[in-house]
Amino acid sequence: MTNTDLKALELLFQRPLEPVFTTRDQGKTVLELPDSFYTDRYRNDADDVSNRFSQNVELKIPIQELARKPNLDFAKKLSLKNQFSLFNSNHQDIAGKLIQLFLDAPNLKQFVSLAAFTKDRLNPVLFQYAYAVAIAHREDTREVPITNISQVFPGNFVEPSALKDARQEASVIADTGNRVHVDIPRNYTASDREDEQRLAYFREDIGVNSHHWHWHLVYPASGPVAVVNKDRRGELFYYMHHQILARYNTERFCNNLKRVQPLSNLRGEIPEGYFPKILSSVNNRTYPSRISNQLLRDVDRPDASIEIAEVERWRDRVLASIDQGFVENSSGQRIPLDEVTGIDILGNLIEASSTLSINSQYYGNLHNQGHTIISFAHDPDFRHLEEFGVMGDVTTAMRDPVFYRWHTFVDNIFNKFKTLLDPYNASQLGFDGVSVDYVEAKLGASNAQANTLLTYWQKSSADLAAGLDFGPSADGNIFASFTHLQNAPFTYTFNVTNNGPKRTGTCRIFICPKVDERNQPLRLEEQRLLAIEMDKFTCELLPGENTIRRESSDSSVAIPFERSFRPIGAAYQPKGADELARFRFCGCGWPQHLLLPKGKPQGMLFDLFVMISDYSQDAVQQPTNTPNDACSTAYSFCGLKDKLYPDKRTMGFPFDRRLPNASLAELTGAFSNMAKTDLKIVFSDRIVDKA
């Protein structure tokens, strides 16, 4: 790939609403288009606009003519100013065809040309989604960094007045070094009269919502089979969302709120209202609100049609199949829901991947259509010409309290299946001859107390320049400051005795809340469902005593702040090969700044649980022709690029199924390869500027 090819592909993530012929890269670069690439609006003025935007640029990248222009009639149902939803079956089908079109480009230059030609003829969010999926899955675009969605469409993440201030700052202050950071307000969606607002720091966190978008980019529900049919995709859909719920419910305990109640009855009122106060990037309208005690109704609109009764039938069929222990494919063949593949089958069936569902006609589209019904609660019959609310968009759905209620309902279906499986037995849980003797998590300060960790507020910045369309071309950096939860880095130290030959283990680290919002002790079954995976890694065990140390920043769950909010442009890219690979590919992962729950000012107690399992039972033989992967540090939620999921055990092991003991203390007492200790998380209500 030439440098200009790489540059052109990166530039197509910038200024997504501007015509492709305008300047990018802070006014330094322009794409030189063939005349046939201009849309009808600009075709007669092609020379004028080309000359205007080509002046005073440092680099002109010629775009090759297409061998054959694509037929884009399949995308006409989604206009350029309509909202795009991955929960909408019609939109999924359109996205799948566009992804296939991009993947079929015969070489890199033709892919660049195809992307440049289609960009101004398609819905901008549809284009950016399908384009990013193609970048992530084409063999010849491995070196192209995918810009974080919050920097492409900042309106989906930032309070609108902050965007106005950012444009004003860019227009008035020419020297980027003299620009002030625009401040994104805290708690702007509700007052403290609304109890759910206590969790706004979690639900509305930019990194959390970016993670949700990026996961669905890595694991699209529609498109070519090779892109959709990834190893254990359905199980990952279950586990990633299950872990989000475990974290969310624990955050609720930190804020003296009870666990989320499932949205099991779609015919009842939804007590929780939500007024998002963010703008849709494609039509500059605010996302519609949902009033308190909103009643859901059947959706009958030109862009979506679904009856609540149909969703209820799908629910009943899925639950009946779990009770029976099998699902039926479209030929009537019974496929058993066993302990190895059952959860993967159910995940693909419930999310209703049209490519992977065992029988989409019979089991339907439960998860996605639930999102659809909720997202149109304010205007189900289109009489007010309103678009969907935040629940209809993967970049915004996690902002809404009802997201967690709906996913708790979905998660309970998965948990029902898991509960019907036999409890884990000693041969599955044990590791003969291995003993975990000491467990510690400690901050880096010399006077730090063992097993006492710290959280606090941090003020950080992200560059919005790439997503501020129709501003000054040479706008440089336009930073927005926002406040988010942060945790002080810490180190795990474990002493492990190996009474056998040299061997390998898998170290699995979880934290479990000990009490609920009323300070009542949690049973093991409750702790199991609330267990938060913190890390997972292999460890070499020499005969005798071993000391294992692991930094919190190396978590297999999370990605660091710099990967969530990486600056745009070659000047900010790392120079080292390994770091450059991580910068380019590692956008999927839970945000590191939310690795720990908030805790409480007086301290909140957790069980820090550590297990060393037998790697010979965990190991996965990877295909021999797969390249080395630089993104293994966040595989727990996102898997490995182009590889099998690197742990043969079911996701969440050992807490994904019932356990043979009455308490966590009994469990760790019965198995020497497990240990636990009390862990206190202390929250400091102060704001620290990011260094």
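Strands β19 and β20 pair in the antiparallel sense over 8 bridges; two strands count as paired if DSSP finds at least two bridges between them. Helices (H or I, at least four residues) and strands (E, at least two) are DSSP runs, numbered from the N terminus. Within this pair, Met611 has Met674 in β20 as its bridge partner. This is a predicted model, in which local features need pLDDT of at least 70 and side-chain atom pairs count only at pLDDT 80 or more, while totals for chains, interfaces and linings use all residues. Residues are numbered from 1 along each chain as its sequence is written, and side-chain values use heavy atoms, with hydrogens and water left out.

Strand β19 is also joined to β14 by 9 bridges, and these two strands run antiparallel. There, Gly505 has Asp614 in β19 as its bridge partner. Of the 11 residues of β19, 10 are buried, so the strand is largely enclosed by the rest of the structure. Buried means under 20% relative accessible area, exposed over 50%, and partly exposed in between (1.4 Å probe, protein chains only).

## The sheet as a whole

An open sheet of 7 strands has the order β3-β12-β11-β20-β19-β14-β15, with mixed pairing. Strands β3 (182-183) and β15 (532-541) stand at the edges with a single partner strand each, so one side of each is left without a neighbour in the sheet. Helix α12 (residues 233-254) packs on the sheet and touches β12 (479-487), β14 (503-513), β15 and β19 (604-614); contact means heavy atoms within 4.5 Å. The direction of α12 makes about 120° with that of β15, where axes are lines fitted to C-alpha atoms, for helices over the stretch in contact, and angles run from 0 to 180 degrees between N-to-C directions.

## Strand β11 and its partners

Strand β11 (residues 452-463) pairs with β20 (residues 674-689) in the parallel sense over 8 bridges. Tyr456 stands opposite Ser684 in β20, and Gln458 stands opposite Val688 in β20. With β12, strand β11 runs antiparallel and is joined by 9 bridges; here Lys459 stands opposite Thr483 in β12. Strand β11 is mostly covered, with 9 of its 12 residues buried.

## Helix α4

At 1.5 Å a residue, the 15 residues of helix α4 (residues 89-103) should span 21 Å, which agrees with the 21 Å between its end C-alpha atoms. The expected span is 1.5 Å times one less than the number of residues. The buried residues in α4 are His91, Gln92, Ile94, Ala95, Gly96, Leu98, Ile99 and Phe102. Their cover includes α5 (108-119), α6 (124-137) and α16 (366-375).

## A buried loop residue

Gln197 lies in the loop between β3 and α9 (200-203). Gln197 is buried, with a relative accessible area of 7%. Leaving aside residues up to four places away in sequence, Gln197 touches Asn187, Tyr188, Thr189, Ala190, Ser191 and Arg203.

## Domains and annotation

The domain assignment of the protein gives domain 1 (4-144), domain 2 (205-420) and domain 3 (426-464 + 482-686); such bounds come from an automatic or database domain assignment. The centres of domain 1 and domain 3, taken over C-alpha atoms, are separated by 40 Å.

An unreviewed UniProt entry lists residues 400-411 for "domain: Tyrosinase copper-binding". UniProt positions are given in the numbering used here, feature names are shortened, and annotations may be inferred rather than shown by experiment. Over residues 400-411 the chain is 92% helix and 0% strand, with the end C-alpha atoms 17 Å apart.
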